[in-house]
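Welcome! Take a moment to look over the sequence and the 3D view, and then let us walk through them together.

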Amino acid sequence: MSIAIAVGLLTAAAVYLFMQRGMVRIVLGFVLASHAANLVFFAAGNTAYRGVPYIGSGELGEQADPLPQAFVLTAIVIAFSITMFMVTLAITTTTDDDTEDVEVSPALLLAADRGDTNDAGYFGLTTESGDIVVDRGEDETGDPWPEKPSGTGMASGVENSDPAAPSAATPDAEASQAETTREGETR
Amino acid sequence: MTEILPPLLPLAVGVPLLLAALGVALRKKRLARHIISLGTLAALFVFAVLLVIATGDGTVLVHQVGLWDYGVSIPFVVDALSALVLMIMSVLAIASVLFAMATHEARARFFHPFVLVLMAGVSGALMTGDIFNLFVFIEVMLLPSYGLLAMMGAKLGAHGARIYVSVNLLASTLLLVGIALVYATAGTVNLAELHGAGKEDPAVALAGGVVLSAIAIKAAVVPVHGWLTRTYAMTSPAVTALFSGIHTKVAIYVIYRIYSLLFDGDERFLWVALVITSATMLIGVLGAVGEKTTRSILVFHMISQIGYILIGVGLFTLLGLTAAIFYLLHHMIVKASLFLSTGAIEETYGTGEIDKLGGMLKREPLIAVTFMVAALSLAGLPPFSGFVAKFAIIQATLAESHYWVAAVAVVVSVFTLLSMLKIWTGVFMGSEPDDLQERALTYQQRMHGKRYLRVQAQAETPTLTIGPPTATTSAVLAGKQAVKVPFKLIFPAILLAAITLFFGLGAELLMGWSETAAENLLNPMDYVRAVSGA
């Protein structure tokens, strides 16, 4: 009975948190929901039996069912890793944890006005003003790619036509470029 | 061969996992990662072909992992259905990886390892004979998918990834509760031991219903389909193609497997499946009408096609199941081909919006032909595999006197054709927009940076592709030369389109395999006997 009440309360709280806009609250909702699922597993194993479940260590009728506990152990690990990933999604990808659409999120609109497009950089893809650098490798001759575009053979007209194109002279851009490279090396 | 293969079954999970770890370790060796990834996927394909041959006569291959006795062990079981699905999925993975290598997405350090872990999860989910292990393998399959989606969707913002992770975690939690309830009511999670439990005991049937509902969310069945359209269009075409062929299709496989074993094809619940699948067909195809980009139209069609595939569950006759399995295999190939051919345009010209494209028939005749083949196959016109698939499905519904389901299927086909024509007229016919070239160049620059722009100075018509810059880059950047889709981007779509043509003309072959798989589903006693060793 106490497990049933606990599962009900956890689920109700989880559903309430799912309905919130903030990503962190949704993540907390999932934490509660996975607790509820784990408790259902314990209930399935019948909590009245609490003996040590080794063969020969006691009466068979008193030994606990080890299977649900193994299930719960597995489920906890999986739920924990996904929770961590969701927390990462909540903090790294946008300027706030609002789950509203891109078009209507005021924070993103403000970020766009500022020209701040650093929102999307993670996992080997780093965007700085739209440039996505994928795992800087080497060119066909085996030399590493140059740090900055050399400028030779490039038509400057097209370069400027991209409103988000980085201006190499800006110290900010250089700093973030250096940061990117450092990140790429430590990864 | 039936003696050698079973002990090798766990390797289909273990080897990709191990090589994924190796791929992560080889951080500076991009070429090695490419080779490892493609090599593993090719080996998985060969293994799946061997399994298809070995299970072709209805044999069920079983390996009790760790050689524990039946009842204690967690078995790996392969019958014709799992072998066929694994075979097609490894083909799709190869095609998607080739596409991702062409777009340079595969250069990212974690791309190949993620794909390999994904395929390890797929092999496990298709082979496992234990419902809790099924949950674990589905999670193994999903975790790298979260990474892929977020990584490749970075340019489009995190919202797709957030919805995807949230919905899938919710479905997984529900699945976990369902499995707990199955264990509580039936006392086991071994699929062979669960055989028929849902038919005899209403409590187990209810628990199985929770499991099926959770899987239905993952399969994007109406009314729980909304997440699919909001996430699959939010990542790169290569990842969309990979996911389209794998995630929802593994869920469909699980629905078939559980309904065959746990419910033993119980006839009392069939009408529920028929109502849901009809709604899925209709709502999916109508949703596509309002969409503006090629990919979102295709994603809505995916939902509609999932309805077709699940008709087989609602009929649960030999003809119905055969047709549905044929449809499943055909659909995985055709859908991925469509995603890749429109994706090639999207990756080159920087947009998938129908209004902003046009005249591609003249500019990219090869893609146009590839798209046409796959689109006609999807709509169900001869001589492609789609015709055979749809014809068989409709025949099976008529044989069971479900005339309204057959009517819905026919009407939805017409709408599918109309939608494909919408993409065709919008993207391939008509006149080229003036800013097509400019947008393509801007996009290439944004995506790949100036370092990766290369001009192939071939004779008179140099074309611009992705790669290191050369002296003539400026000529193309100044807009004097034409942007063109490189062949390596078109090749994966052509490969899959060729397969649909092959299975259309040689439908006998695939139909025969599907029939074996359907017989296995219809007589789960073979499965139970093989696992229990009785």
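Predicted model: local features only at pLDDT ≥ 70, side-chain atom pairs only at ≥ 80, totals over all residues.

## The layout of chain A

In total, chain A holds 6 helices and 2 strands.

How much of chain A is buried? Of the 187 residues in chain A, 24% are buried. As for contacts in chain A between residues at least 6 apart in sequence, 49% of them link residues at least 24 apart.

The average pLDDT of chain A is 65, and 49% of its residues reach at least 70. Residues 101–140 of chain A have a pLDDT below 50, and this stretch has 88 contacts in the model beyond near neighbours in sequence. For residues 144–187 of chain A the pLDDT is also below 50, with 48 contacts in the model beyond near neighbours in sequence.

## A helix pair in chain B: H7 and H9

Now turn to chain B. A pair of packed helices can be described by the angle between the axes and the distance between them. Helix H7(B), residues 159–186, packs with helix H9(B), residues 202–219, at an angle of about 165°, and their axes are 8 Å apart. Angles over 145 degrees count as roughly antiparallel, so H7(B) and H9(B) are roughly antiparallel to each other. The crossing of H7(B) past H9(B) is left-handed.

Which residues make the contact? On the H7(B) side they include Val167(B), Ala171(B), Leu174(B), Leu175(B) and Gly178(B), while on the H9(B) side Ala203(B), Val204(B), Ala207(B), Val211(B) and Lys218(B) are among them. Sorted by class, the contact of H7(B) with H9(B) has 17 nonpolar, 5 polar and 1 charged residues.

## Another pair in chain B: H2 and H3

Helix H2(B) spans residues 11–25 and helix H3(B) spans residues 30–55; the two pack at an angle of about 175°, with their axes 10 Å apart. That angle makes H2(B) roughly antiparallel to H3(B).

Here H2(B) contributes Ala12(B), Val15(B), Pro16(B), Leu19(B), Leu22(B) and Gly23(B), and H3(B) contributes Arg33(B), Ile36(B), Ser37(B), Thr40(B), Leu44(B) and Phe47(B). How do these residues divide by class? The contact of H2(B) with H3(B) has 8 nonpolar, 3 polar and 1 charged residues.

Terms used
Residues numbered from 1 in each chain as written. Chains lettered and ligands numbered in written order. pLDDT = per-residue confidence, 0-100. Contact = placed C-beta atoms within 7 Å. Helix = DSSP H or I, 4+ residues; strand = E, 2+ residues; numbered from the N terminus. Buried ≥ 20, exposed ≤ 12 C-beta atoms within 10 Å, placed from the backbone. Axes fitted to C-alpha atoms, helices over the stretch in contact; angles between N-to-C directions. Parallel < 35°, antiparallel > 145°, perpendicular 65-115°, else oblique. Left-handed = near helix turned anticlockwise from the far one by under 90°. Nonpolar A, V, L, I, M, F, W, Y, C, P; charged D, E, K, R; others polar.
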